[in-house]
Amino acid sequence: MSSEPDHRIVCHLDRVLGERGVTLTELSERTGITLANLSILKTNKARAIRFTTLTAICDALDATPADLFGLRSG
């Protein structure tokens, strides 16, 4: 089985956190989302995200879904 994901969505959470000067721990505290779940997003290992989770992250970082996600060419 290939280790490549079966999708082309990429998460830019790491970049957005850096641009905002926010740590993963701070984001976890602001949103109530566990560090483990945020880390899965940050490392592009997530297979799905709930809209409530996405909304919480967007609100906490003053970001949009377009800031947080992109489409890898393929």
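Ser 28 touches Ile 33, Thr 34, Leu 35 and Leu 38, leaving aside residues up to four places away in sequence; touching, or contact, means heavy atoms within 4.5 Å. Ser 28 sits in helix 2. This is a predicted model: local features need pLDDT of at least 70, side-chain atom pairs count only at pLDDT 80 or more, and totals for chains, interfaces and linings use all residues. Residues are numbered from 1 along each chain as its sequence is written, and side-chain values use heavy atoms, with hydrogens and water left out. Helices (H or I, at least four residues) and strands (E, at least two) are DSSP runs, numbered from the N terminus.

**Helix 2: its buried side**

- Ser 28 counts as buried, at 15% relative accessibility. Buried means under 20% relative accessible area, exposed means over 50%, and partly exposed lies in between (1.4 Å probe, protein chains only).
- Helix 2 buries Leu 24, Leu 27, Ser 28 and Thr 31. These residues lie on the same side of helix 2, because they cover an arc of only 100° around the axis. The arc is that of the directions from the helix axis to the C-beta atoms.
- An α-helix has 3.6 residues a turn, so residues three or four places apart point the same way.
- The cover over the buried residues of helix 2 includes helix 1 (13-20), helix 3 (35-42) and helix 4.

**Helix 2 against helix 3**

- Two packed helices are described by the angle between their axes and the distance between the axes.
- Helix 2 and helix 3 pack at an angle of about 125°, and their axes are 9 Å apart. Helix 2 is therefore oblique to helix 3.
- Axes are lines fitted to C-alpha atoms, for helices over the stretch in contact, and angles run from 0 to 180 degrees between N-to-C directions.
- Angles under 35 degrees count as roughly parallel, over 145 as roughly antiparallel, 65 to 115 as roughly perpendicular and the rest as oblique.
- The crossing of helix 2 with helix 3 is right-handed. A crossing is right-handed if the near helix is turned clockwise from the far one by less than a right angle, and left-handed if anticlockwise.
- From helix 2, Leu 24, Thr 25, Leu 27 and Ser 28 take part. They meet Leu 35, Leu 38, Ser 39 and Lys 42 of helix 3.
- By class, this contact has 4 nonpolar, 3 polar and 1 charged residues. Ala, Val, Leu, Ile, Met, Phe, Trp, Tyr, Cys and Pro count as nonpolar, Asp, Glu, Lys and Arg as charged, and the others, Gly among them, as polar.

**Helix 2 against helix 4**

- The axes of helix 2 (residues 24-31) and helix 4 (residues 51-61) come within 10 Å and cross at roughly 115°. Helix 2 is therefore roughly perpendicular to helix 4.
- This crossing of helix 2 and helix 4 is right-handed.
- Helix 2 supplies Leu 27, Arg 30 and Thr 31 to the contact. Helix 4 supplies Ala 56, Ile 57, Ala 60 and Leu 61.
- The contact of helix 2 with helix 4 has 5 nonpolar, 1 polar and 1 charged residues.

**Helix 4: two faces**

- Leu 54, Ile 57, Cys 58, Ala 60 and Leu 61 are the buried residues of helix 4. They share the same side of helix 4, because their arc around the axis is only 165°.
- These buried residues pack against helix 1, helix 2, helix 3, helix 5 and strand 2 (69-71).
- The face turned away from the buried side of helix 4 carries the exposed residues Phe 51, Thr 52 and Asp 59.

**Val 16 in helix 1**

- Val 16 lies in helix 1. Val 16 counts as buried, at 1% relative accessibility.
- Val 16 touches Leu 61, Ala 63, Asp 67 and Leu 68, not counting residues up to four places away in sequence.
- Val 16 and Gly 74 are 58 residues apart in sequence and 23 Å apart in space, C-alpha to C-alpha.

**Positive phi in two loops**

- Asn 44 is not a glycine, yet has a positive phi of about 60°. Asn 44 lies in the loop between helix 3 and helix 4. Asn 44 is partly exposed, with a relative accessible area of 35%.
- Asp 62 is not a glycine either, and has a positive phi of about 50°. Asp 62 lies in the loop between helix 4 and helix 5 (65-68). Asp 62 is exposed, with a relative accessible area of 69%.
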